[in-house]
Amino acid sequence: MQLFLLLFFLLDQVIMVTAVPGCQDGRDRDHRRSTNCKEAGLSDVPAGLDPQIRVLLFPNNLISSLSWSSFTVFTDLYEIDLTGNKVPEVTPSGSPLLPTLSVLRLGSNRLTSLSDHAFSACPALTELYLDNNTIVSLTDQTFSGLDRLQILDLSSNQIKVLPQLMLHPLTSIEILYMENNKIKLMPDGWFNKKEEVPYLFLSANPWDCTCSNLYLQTYMVDFDLNVYIRDGETIMSGALEVVCSSPPWHVGKPVMNLEESDLCSPHLSTVRPNTESPTTQPRPAGTSESLPSILTSTPTDEIQEEEEHT
Ligand SMILES: *[C@@H]1O[C@H](CO)[C@@H](O)[C@H](O)[C@H]1NC(C)=O
(Lines give C-alpha, C1' and ligand atoms only; values in the text may rest on other atoms or scores of the structure.)
Protein backbone atom coordinates (compact mmCIF):
# COMPACT_ATOMS: atom_id res chain seq x y z
CA MET A 1 0.00 0.00 0.00
CA GLN A 2 2.77 2.42 0.99
CA LEU A 3 4.70 1.49 -2.14
CA PHE A 4 1.62 2.17 -4.19
CA LEU A 5 1.22 5.59 -2.60
CA LEU A 6 4.89 6.39 -3.21
CA LEU A 7 4.54 5.33 -6.83
CA PHE A 8 1.43 7.41 -7.15
CA PHE A 9 3.24 10.39 -5.66
CA LEU A 10 6.19 10.03 -8.04
CA LEU A 11 3.91 9.63 -11.02
CA ASP A 12 2.04 12.75 -9.96
CA GLN A 13 5.33 14.69 -9.81
CA VAL A 14 6.31 13.46 -13.26
CA ILE A 15 2.98 14.52 -14.70
CA MET A 16 3.38 17.92 -13.03
CA VAL A 17 6.49 18.77 -15.03
CA THR A 18 5.74 17.07 -18.32
CA ALA A 19 2.18 18.23 -19.00
CA VAL A 20 2.70 20.64 -21.94
CA PRO A 21 6.09 21.83 -23.23
CA GLY A 22 6.97 25.21 -21.78
CA CYS A 23 4.34 24.93 -19.06
CA GLN A 24 4.77 24.03 -15.44
CA ASP A 25 1.86 22.69 -13.43
CA GLY A 26 1.44 23.62 -9.81
CA ARG A 27 -0.85 25.27 -7.31
CA ASP A 28 -1.60 28.90 -6.63
CA ARG A 29 -1.50 30.49 -3.19
CA ASP A 30 -4.97 29.21 -2.38
CA HIS A 31 -4.07 25.74 -3.62
CA ARG A 32 -5.97 25.95 -6.90
CA ARG A 33 -4.54 23.84 -9.71
CA SER A 34 -2.52 26.04 -12.03
CA THR A 35 -0.29 25.90 -15.03
CA ASN A 36 2.38 28.48 -15.76
CA CYS A 37 3.47 28.88 -19.39
CA LYS A 38 5.55 31.99 -18.80
CA GLU A 39 7.67 33.21 -21.75
CA ALA A 40 7.01 30.05 -23.73
CA GLY A 41 6.68 31.74 -27.13
CA LEU A 42 2.99 30.84 -27.26
CA SER A 43 0.76 32.51 -29.82
CA ASP A 44 -2.32 30.58 -28.69
CA VAL A 45 -3.64 28.67 -25.74
CA PRO A 46 -1.70 25.40 -26.00
CA ALA A 47 -3.56 22.15 -26.60
CA GLY A 48 -3.37 19.34 -24.08
CA LEU A 49 -3.94 21.27 -20.87
CA ASP A 50 -6.06 19.51 -18.28
CA PRO A 51 -9.62 20.94 -18.29
CA GLN A 52 -9.58 20.77 -14.49
CA ILE A 53 -6.92 23.48 -14.30
CA ARG A 54 -8.30 26.58 -12.62
CA VAL A 55 -5.45 29.06 -13.02
CA LEU A 56 -3.94 29.64 -16.47
CA LEU A 57 -0.79 31.75 -16.49
CA PHE A 58 0.53 32.88 -19.88
CA PRO A 59 2.59 35.98 -19.08
CA ASN A 60 5.01 37.36 -21.67
CA ASN A 61 3.95 35.34 -24.68
CA LEU A 62 2.85 36.28 -28.19
CA ILE A 63 -0.88 35.79 -27.89
CA SER A 64 -2.45 38.31 -30.26
CA SER A 65 -6.15 37.78 -29.71
CA LEU A 66 -8.40 37.01 -26.79
CA SER A 67 -10.83 34.33 -27.85
CA TRP A 68 -13.19 33.58 -24.98
CA SER A 69 -14.22 30.27 -26.55
CA SER A 70 -10.68 28.90 -26.36
CA PHE A 71 -11.09 28.86 -22.57
CA THR A 72 -14.52 27.24 -22.35
CA VAL A 73 -13.02 23.73 -21.97
CA PHE A 74 -11.78 24.78 -18.53
CA THR A 75 -14.92 24.16 -16.58
CA ASP A 76 -13.92 25.65 -13.24
CA LEU A 77 -11.69 28.46 -14.41
CA TYR A 78 -10.64 30.96 -11.76
CA GLU A 79 -7.88 33.08 -13.33
CA ILE A 80 -6.40 33.89 -16.73
CA ASP A 81 -3.11 35.79 -16.83
CA LEU A 82 -2.28 37.27 -20.24
CA THR A 83 0.05 39.99 -18.94
CA GLY A 84 2.62 41.08 -21.53
CA ASN A 85 1.00 39.64 -24.65
CA LYS A 86 -0.24 41.35 -27.82
CA VAL A 87 -3.99 41.42 -27.34
CA PRO A 88 -5.39 44.41 -29.29
CA GLU A 89 -9.04 44.21 -28.30
CA VAL A 90 -11.62 42.58 -26.08
CA THR A 91 -14.78 41.52 -27.86
CA PRO A 92 -18.13 41.37 -26.11
CA SER A 93 -19.77 37.98 -26.11
CA GLY A 94 -23.49 37.32 -26.36
CA SER A 95 -23.46 34.97 -23.39
CA PRO A 96 -21.40 34.47 -20.23
CA LEU A 97 -18.98 31.94 -21.73
CA LEU A 98 -16.70 31.97 -18.70
CA PRO A 99 -19.14 32.17 -15.80
CA THR A 100 -16.60 31.15 -13.14
CA LEU A 101 -13.72 33.41 -14.14
CA SER A 102 -12.75 35.65 -11.24
CA VAL A 103 -9.39 37.19 -12.19
CA LEU A 104 -8.39 38.47 -15.63
CA ARG A 105 -4.98 40.00 -16.24
CA LEU A 106 -4.49 41.94 -19.47
CA GLY A 107 -1.80 44.40 -18.37
CA SER A 108 0.93 45.36 -20.89
CA ASN A 109 -0.99 44.37 -24.00
CA ARG A 110 -2.08 46.44 -27.00
CA LEU A 111 -5.53 47.54 -25.98
CA THR A 112 -6.50 50.97 -27.29
CA SER A 113 -10.19 51.09 -26.46
CA LEU A 114 -12.83 49.05 -24.69
CA SER A 115 -16.30 48.80 -26.16
CA ASP A 116 -19.71 48.48 -24.50
CA HIS A 117 -20.14 45.21 -22.56
CA ALA A 118 -16.51 44.24 -23.27
CA PHE A 119 -16.48 41.75 -20.39
CA SER A 120 -19.92 40.19 -20.80
CA ALA A 121 -18.20 36.81 -21.25
CA CYS A 122 -17.06 36.83 -17.62
CA PRO A 123 -19.66 38.46 -15.36
CA ALA A 124 -18.17 36.97 -12.17
CA LEU A 125 -14.91 38.91 -12.39
CA THR A 126 -13.66 40.22 -9.07
CA GLU A 127 -10.28 41.51 -10.33
CA LEU A 128 -9.55 43.06 -13.72
CA TYR A 129 -6.09 44.33 -14.68
CA LEU A 130 -5.81 46.55 -17.77
CA ASP A 131 -2.77 48.60 -16.78
CA ASN A 132 0.03 49.65 -19.12
CA ASN A 133 -1.92 49.49 -22.37
CA THR A 134 -2.71 52.48 -24.57
CA ILE A 135 -6.40 52.67 -23.79
CA VAL A 136 -7.75 56.01 -24.91
CA SER A 137 -11.46 55.51 -24.69
CA LEU A 138 -13.95 53.76 -22.49
CA THR A 139 -17.74 53.94 -22.49
CA ASP A 140 -20.53 54.14 -19.94
CA GLN A 141 -21.14 50.43 -20.62
CA THR A 142 -17.57 49.10 -20.81
CA PHE A 143 -17.86 47.45 -17.40
CA SER A 144 -21.57 46.64 -17.48
CA GLY A 145 -22.53 43.51 -15.60
CA LEU A 146 -19.42 43.44 -13.42
CA ASP A 147 -21.25 43.88 -10.16
CA ARG A 148 -18.78 41.66 -8.29
CA LEU A 149 -15.68 43.51 -9.44
CA GLN A 150 -13.59 44.65 -6.49
CA ILE A 151 -10.30 45.59 -8.16
CA LEU A 152 -10.03 47.52 -11.43
CA ASP A 153 -6.63 48.60 -12.70
CA LEU A 154 -6.67 51.20 -15.47
CA SER A 155 -3.34 52.79 -14.55
CA SER A 156 -0.72 53.82 -17.12
CA ASN A 157 -3.01 54.21 -20.09
CA GLN A 158 -3.96 57.21 -22.24
CA ILE A 159 -7.43 57.78 -20.84
CA LYS A 160 -8.56 61.36 -21.40
CA VAL A 161 -12.21 61.33 -20.52
CA LEU A 162 -14.02 59.46 -17.76
CA PRO A 163 -17.44 58.37 -19.04
CA GLN A 164 -20.11 59.83 -16.77
CA LEU A 165 -21.74 56.49 -15.89
CA MET A 166 -18.75 54.18 -16.15
CA LEU A 167 -18.66 53.32 -12.45
CA HIS A 168 -22.38 52.69 -12.08
CA PRO A 169 -22.24 48.92 -12.76
CA LEU A 170 -19.31 48.51 -10.36
CA THR A 171 -21.27 48.35 -7.13
CA SER A 172 -18.62 46.27 -5.34
CA ILE A 173 -15.54 48.25 -6.31
CA GLU A 174 -12.94 48.48 -3.54
CA ILE A 175 -9.72 49.38 -5.33
CA LEU A 176 -9.65 51.63 -8.37
CA TYR A 177 -6.29 52.35 -10.01
CA MET A 178 -6.43 55.27 -12.43
CA GLU A 179 -3.04 56.86 -11.92
CA ASN A 180 -0.83 57.89 -14.80
CA ASN A 181 -3.42 58.73 -17.44
CA LYS A 182 -4.47 61.92 -19.23
CA ILE A 183 -7.56 62.69 -17.19
CA LYS A 184 -8.41 66.36 -16.69
CA LEU A 185 -11.93 66.24 -15.35
CA MET A 186 -13.97 64.06 -13.05
CA PRO A 187 -17.60 64.13 -14.17
CA ASP A 188 -20.07 65.60 -11.75
CA GLY A 189 -21.32 62.93 -9.35
CA TRP A 190 -18.95 60.34 -10.74
CA PHE A 191 -18.88 58.32 -7.52
CA ASN A 192 -22.55 58.84 -6.67
CA LYS A 193 -23.54 55.16 -6.99
CA LYS A 194 -20.87 54.12 -4.47
CA GLU A 195 -19.32 57.16 -2.90
CA GLU A 196 -16.76 55.43 -0.74
CA VAL A 197 -14.07 53.52 -2.62
CA PRO A 198 -11.58 52.46 0.05
CA TYR A 199 -8.49 52.57 -2.17
CA LEU A 200 -8.33 55.13 -4.92
CA PHE A 201 -5.35 56.03 -7.09
CA LEU A 202 -5.70 59.33 -8.96
CA SER A 203 -2.21 60.82 -9.14
CA ALA A 204 -0.20 61.62 -12.28
CA ASN A 205 -3.16 62.95 -14.22
CA PRO A 206 -3.34 66.49 -15.63
CA TRP A 207 -6.20 67.61 -13.38
CA ASP A 208 -7.78 70.89 -14.38
CA CYS A 209 -8.47 73.09 -11.38
CA THR A 210 -11.31 75.18 -12.75
CA CYS A 211 -14.92 75.44 -11.75
CA SER A 212 -15.86 72.50 -13.97
CA ASN A 213 -13.88 70.25 -11.63
CA LEU A 214 -15.60 71.30 -8.46
CA TYR A 215 -16.86 67.76 -7.92
CA LEU A 216 -13.28 66.45 -7.81
CA GLN A 217 -12.30 69.13 -5.32
CA THR A 218 -15.19 68.40 -2.94
CA TYR A 219 -14.68 64.66 -3.34
CA MET A 220 -10.99 65.00 -2.48
CA VAL A 221 -11.82 67.01 0.62
CA ASP A 222 -14.41 64.44 1.77
CA PHE A 223 -12.52 61.26 0.90
CA ASP A 224 -8.85 62.25 1.02
CA LEU A 225 -8.05 59.37 3.38
CA ASN A 226 -9.01 56.85 0.69
CA VAL A 227 -6.58 58.27 -1.84
CA TYR A 228 -3.24 56.54 -2.21
CA ILE A 229 -0.14 56.29 -4.38
CA ARG A 230 1.92 53.15 -4.84
CA ASP A 231 5.47 52.15 -5.48
CA GLY A 232 5.50 48.53 -6.57
CA GLU A 233 3.60 46.67 -3.88
CA THR A 234 3.92 49.45 -1.32
CA ILE A 235 1.05 51.87 -0.95
CA MET A 236 1.19 55.26 0.74
CA SER A 237 -1.35 57.98 1.43
CA GLY A 238 -1.54 60.08 -1.69
CA ALA A 239 -4.21 62.77 -1.49
CA LEU A 240 -1.56 65.49 -1.74
CA GLU A 241 -0.26 63.91 -4.97
CA VAL A 242 -3.49 64.71 -6.77
CA VAL A 243 -2.35 68.06 -8.14
CA CYS A 244 -3.48 70.62 -10.70
CA SER A 245 -1.92 70.83 -14.15
CA SER A 246 -4.00 73.81 -15.19
CA PRO A 247 -4.78 76.68 -15.13
CA PRO A 248 -1.22 78.04 -14.93
CA TRP A 249 -1.76 79.77 -11.60
CA HIS A 250 -2.71 76.51 -9.87
CA VAL A 251 -0.08 74.21 -11.41
CA GLY A 252 1.36 71.83 -8.83
CA LYS A 253 -1.14 72.61 -6.09
CA PRO A 254 -2.91 69.70 -4.40
CA VAL A 255 -6.56 69.76 -5.47
CA MET A 256 -7.72 69.17 -1.90
CA ASN A 257 -5.93 72.30 -0.66
CA LEU A 258 -7.96 74.56 -2.94
CA GLU A 259 -11.28 76.09 -2.08
CA GLU A 260 -14.33 76.45 -4.24
CA SER A 261 -13.47 80.13 -4.73
CA ASP A 262 -9.97 79.21 -5.99
CA LEU A 263 -11.52 77.13 -8.73
CA CYS A 264 -14.52 79.24 -9.57
CA SER A 265 -13.56 82.89 -9.14
CA PRO A 266 -11.89 84.86 -11.90
CA HIS A 267 -8.16 84.93 -11.48
CA LEU A 268 -7.19 88.41 -10.39
CA SER A 269 -3.72 88.62 -11.86
CA THR A 270 -5.13 88.02 -15.36
CA VAL A 271 -7.79 90.65 -14.78
CA ARG A 272 -5.38 93.28 -13.59
CA PRO A 273 -3.28 93.83 -16.74
CA ASN A 274 -6.47 94.54 -18.66
CA THR A 275 -8.00 96.88 -16.12
CA GLU A 276 -4.69 98.66 -15.60
CA SER A 277 -3.95 99.09 -19.27
CA PRO A 278 -4.44 102.70 -20.28
CA THR A 279 -7.83 103.09 -21.87
CA THR A 280 -7.34 106.25 -23.83
CA GLN A 281 -9.74 105.06 -26.46
CA PRO A 282 -13.19 103.89 -25.43
CA ARG A 283 -13.68 100.29 -26.53
CA PRO A 284 -16.27 99.71 -29.20
CA ALA A 285 -19.44 98.36 -27.68
CA GLY A 286 -20.14 94.69 -28.22
CA THR A 287 -16.57 93.46 -28.51
CA SER A 288 -15.57 90.96 -25.95
CA GLU A 289 -11.91 90.75 -26.95
CA SER A 290 -10.81 93.05 -24.22
CA LEU A 291 -12.38 90.98 -21.48
CA PRO A 292 -10.09 88.54 -19.75
CA SER A 293 -10.84 85.15 -21.25
CA ILE A 294 -11.51 83.63 -17.85
CA LEU A 295 -14.60 85.84 -17.54
CA THR A 296 -15.99 85.19 -20.98
CA SER A 297 -15.43 81.46 -21.12
CA THR A 298 -16.74 79.28 -18.41
CA PRO A 299 -15.30 75.94 -19.46
CA THR A 300 -18.17 73.98 -20.89
CA ASP A 301 -18.58 70.40 -21.96
CA GLU A 302 -18.70 71.59 -25.54
CA ILE A 303 -15.17 72.86 -25.34
CA GLN A 304 -13.95 69.64 -23.78
CA GLU A 305 -15.64 67.56 -26.43
CA GLU A 306 -13.93 69.56 -29.12
CA GLU A 307 -10.61 68.83 -27.49
CA GLU A 308 -11.40 65.14 -27.46
CA HIS A 309 -11.90 65.02 -31.19
CA THR A 310 -8.65 66.70 -32.02
C1 LIG B 1 4.53 48.11 -20.33
O2 LIG B 1 4.33 47.41 -21.53
C3 LIG B 1 5.47 47.32 -22.36
C4 LIG B 1 5.07 46.54 -23.60
O5 LIG B 1 3.83 46.94 -24.08
C6 LIG B 1 6.61 46.62 -21.65
O7 LIG B 1 7.75 46.62 -22.46
C8 LIG B 1 6.90 47.36 -20.34
O9 LIG B 1 7.86 46.62 -19.61
C10 LIG B 1 5.63 47.46 -19.51
N11 LIG B 1 5.90 48.26 -18.32
C12 LIG B 1 5.51 47.89 -17.13
C13 LIG B 1 5.85 48.82 -16.03
O14 LIG B 1 4.92 46.85 -16.92
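Modeller: The side chain of Asn181 reaches the backbone oxygen of Glu179 at 3.4 Å. Keep in mind that this model is predicted.

Colleague: What makes the Asn181 and Glu179 approach a polar contact?

Modeller: The distance is 3.4 Å. The cut-off is 3.5 Å, so the pair is within it. Asn181 also has a polar side-chain atom 3.1 Å from the backbone oxygen of Met178.

Colleague: Where does Asn181 lie, and is Asn181 buried or exposed?

Modeller: Asn181 lies in the loop between β8 (175-177) and β9. Its relative accessibility is 5%. Buried means under 20%, so Asn181 qualifies.

Colleague: Which residues does Asn181 touch, leaving out those up to four places away in sequence?

Modeller: Among them are Leu154, Ser155, Asn157 and Ile159. The list also includes Ala204, Asn205 and Pro206.

Colleague: Next, Trp207. Why is Trp207 called buried?

Modeller: Trp207 has a relative accessible area of 0%. That is under the 20% limit, so the label is buried. Trp207 is found in strand β10 (residues 207-208).

Colleague: How many aromatic pairs does a search of the whole structure find?

Modeller: The search gives 8. One of them is Trp190 with Phe191: centres 5.2 Å apart, planes at 80 degrees.

Colleague: Why is the Trp190 and Phe191 pair called edge-to-face?

Modeller: The centres must lie within 6.5 Å, and 5.2 Å passes. An angle over 60 degrees counts as edge-to-face, so 80 degrees settles the label. Trp190 is buried at 0% relative accessible area. Phe191 is buried too, at 1%.

Colleague: What makes the Tyr199 and Tyr228 pair tilted?

Modeller: Their centres are 5.1 Å apart, with 35 degrees between the planes. Stacked needs under 30 degrees and edge-to-face over 60, so this pair is tilted. It links distant parts of the chain: Tyr199 sits in strand β9 (residues 199-201), Tyr228 in strand β11 (residues 228-231), 29 residues apart.

Colleague: Which residues do ring pairs link into a cluster?

Modeller: Trp190, Phe191, Tyr215, Tyr219 and Phe223.

Colleague: How do you know that the charged end of Arg230 sits over the ring of Tyr177?

Modeller: The charged end is 3.7 Å from the ring centre.

Colleague: How many cavities of 30 Å³ or more does the search find?

Modeller: The search finds 1. About 40 Å³ of space lies in the largest cavity. Its lining includes Leu167, His168, Thr171, Ile173 and Lys194. Trp190 and Phe191 line this cavity as well.

Colleague: What about the whole protein, in helices, strands and buried residues?

Modeller: The protein has 6 helices and 13 strands. Of its 310 residues, 40% are buried. Among contacts between residues at least 6 apart in sequence, 51% join residues at least 24 apart.

Definitions and conventions
Residues are numbered from 1 along each chain as its sequence is written. This is a predicted model: local features need pLDDT of at least 70, side-chain atom pairs count only at pLDDT 80 or more; totals for chains, interfaces and linings use all residues. Side-chain values use heavy atoms; hydrogens and water are left out. Helices (H or I, at least four residues) and strands (E, at least two) are DSSP runs, numbered from the N terminus. Buried means under 20% relative accessible area, exposed over 50%, partly exposed in between (1.4 Å probe, protein chains only). Rings of Phe, Tyr and Trp (its six-membered ring) pair if their centres lie within 6.5 Å; planes under 30 degrees apart count as stacked, over 60 as edge-to-face and the rest as tilted. A charge sits over a ring if NZ of Lys or CZ of Arg is within 6 Å of the ring centre and within 35 degrees of the ring normal. A polar contact is a pair of N or O atoms within 3.5 Å; within protein, one must be able to donate a hydrogen and the other to accept it, and residues adjacent in sequence count only if both atoms are side-chain atoms. Contact means heavy atoms within 4.5 Å. On a 1 Å grid over the protein atoms alone, a cavity is a set of points where a 1.4 Å probe fits but cannot get out, and a pocket is an open set with protein on both sides within 12 Å along at least five of seven lines; lining residues have an atom within 4 Å of a point. Grid points are joined across faces, edges and corners, and a volume is the space filled by probe spheres set on the points.
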